[in-house]
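Dear colleague,

I am passing this structure on to you, and I would be glad if you could look through it alongside the notes in this message.

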Amino acid sequence: MLVSEVFRLQVAKLHLGRPTMRASQQDFENALNQVKLLKKDPGNEVKLRLYALYKQATEGPCNMPKPGMLDFVNKAKWDAWNALGSLPKETARQNYVDLVSSLSSSSEAPSQGKRGADEKARESKDILVTSEDGITKITFNRPTKKNAISFQMYRDIILALKNASTDNTVMAVFTGTGDYYCSGNDLTNFTSATGGIEEAASNGAVLLRDFVNSFIDFPKPLVAVVNGPAVGISVTLLGLFDAVFASDRATFHTPFSQLGQSPEACSSYTFPKMMGSAKAAEMLLFGKKLTAREAWAQGLVTEVFPESTFETEVWTRLKTYAKLPPNAMRISKELIRKNEKEKLYAVNAEECTTLQARWLSEECMNAIMSFVSRKPKL
Ligand SMILES: CCCCC/C=C/CC(=O)SCCNC(=O)CCNC(=O)[C@H](O)C(C)(C)COP(=O)(O)OP(=O)(O)OC[C@H]1O[C@@H](n2cnc3c(N)ncnc32)[C@H](O)[C@@H]1OP(=O)(O)O
């Protein structure tokens, strides 16, 4: 496969020691002005995130005395700011700028009379979305590439989850076509980008943040039917699911260090919480690949099924679950997740900022170059 010339030039530039892109004070001030011009009301959750990031960027970690239980407004503000912990001012400033730019683009789209309508109408071949028996089934459908996720597939999934959160189905289920569940991020996403690598990394970080937020925000039960090996982001995301059913053929692999990258999808928080820091480090730092049973023992998988009966058993179970009262499931999920949400948004934002810099690092570029320039199989 030919590696794009742009990517080669950017690698050369990087070797000359070009600094990483950061939001300047001017970018921050522009973002503050842009918020006033937003055409669409971003809603309370986003407003709280904007508030918290602004306070963190200008004053550092939360310095406000904890308000009383009945002071709901200030308590919500305190929770949002406090959840950012010791996030550095510079990172908060960058996250603020990124968040405003994503809001501006989504608030402009409908007035251009384009994106909203087009996206609904578009049929996606690599992400299949079907609704049956109260279940929205979202399938990674790119078996020739082991279901690797392209930039377009990230966007398709955001849209599918958005639609599924308000339609009349009661749960969403992810699975894969073919022998793999998913091989993670498409490693050619950055090498085939048309602009410069810095622009691609910056756009990638915004897209990744929105993508992961759409899982954090999904209000109905979210289930993964892991039909085969899972790699990278398809594994880390599982920490945000409500149930994970795996075939005994499935494996779980997060080779981030090997790729010069760092964890995403809130796994730097959900994995240690779920399995303890020692086991999380084995996966996220050292790239240990787990079998389905090992992943079950670590709490990442709900139940493992023999490959021979996997599909029948799991789908029978899911159809039964889908008959449970939908409001009760939604309300219970909200109770389970509510206290974690602000923390998850903050972790997601920090992981994306960290990854953006990693994608521009020599370690990561070398790893991607070595993957895309592998010898073709005979
Ligand atoms: C918005 C941006 C967000 C970014 C978020 C970041 C997330 C981080 C990650 O997800 S890190 C994980 C990245 N994934 C990988 O490192 C896996 C890479 N792939 C492999 O190691 C192997 O392909 C394999 C182990 C998955 C399968 O090996 P096998 O030998 O069985 O098969 P092939 O290697 O021949 O694969 C068949 C074709 O599929 C292509 N392919 C597989 N995975 C990917 C991938 N992740 N990205 C791009 N392409 C992939 C592979 O190149 C073969 O294509 P070809 O037939 O055209 O050569």
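Below I describe the domains, the interface between them and the surroundings of the ligand.

Please keep in mind throughout that this is a predicted model. The domain assignment of the protein chain gives domain 1, which runs over residues 25-104, and domain 2, which runs over residues 127-373. Taking their C-alpha centres, domain 1 and domain 2 lie 27 Å apart, and the contact between them draws 13 residues from domain 1 and 14 residues from domain 2.

As for the extent of that interface, domain 1 and domain 2 bury about 1,100 Å² between them, with 53% of this area on carbon and sulfur atoms. On the side of domain 1 that touches domain 2, the elements that give two or more residues are helix H3 (44-59) and helix H5 (89-108), and the largest share, six residues, comes from H5. Sorted by class, that side of domain 1 has six nonpolar, four polar and three charged residues.

Turning to the ligand, 26 residues surround it, and the closest are Lys145, Ser183, Asn185, Leu187 and Lys377. For Ser183, a backbone N or O atom lies 2.9 Å from a nitrogen atom of the ligand, while for Asn185 a backbone N or O atom lies 2.9 Å from an oxygen atom of the ligand.

With best regards

How values were computed:
Residues numbered from 1 in each chain as written. Predicted model: local features only at pLDDT ≥ 70, side-chain atom pairs only at ≥ 80, totals over all residues. Heavy atoms only, no water. Domains from an automatic or database assignment. Contact = heavy atoms within 4.5 Å. Buried area = accessible area lost by both parts, 1.4 Å probe. Helix = DSSP H or I, 4+ residues; strand = E, 2+ residues; numbered from the N terminus. Nonpolar A, V, L, I, M, F, W, Y, C, P; charged D, E, K, R; others polar. Near = heavy atom within 4 Å. Polar contact = N/O pair within 3.5 Å; in protein donor to acceptor, adjacent residues only side chain to side chain.
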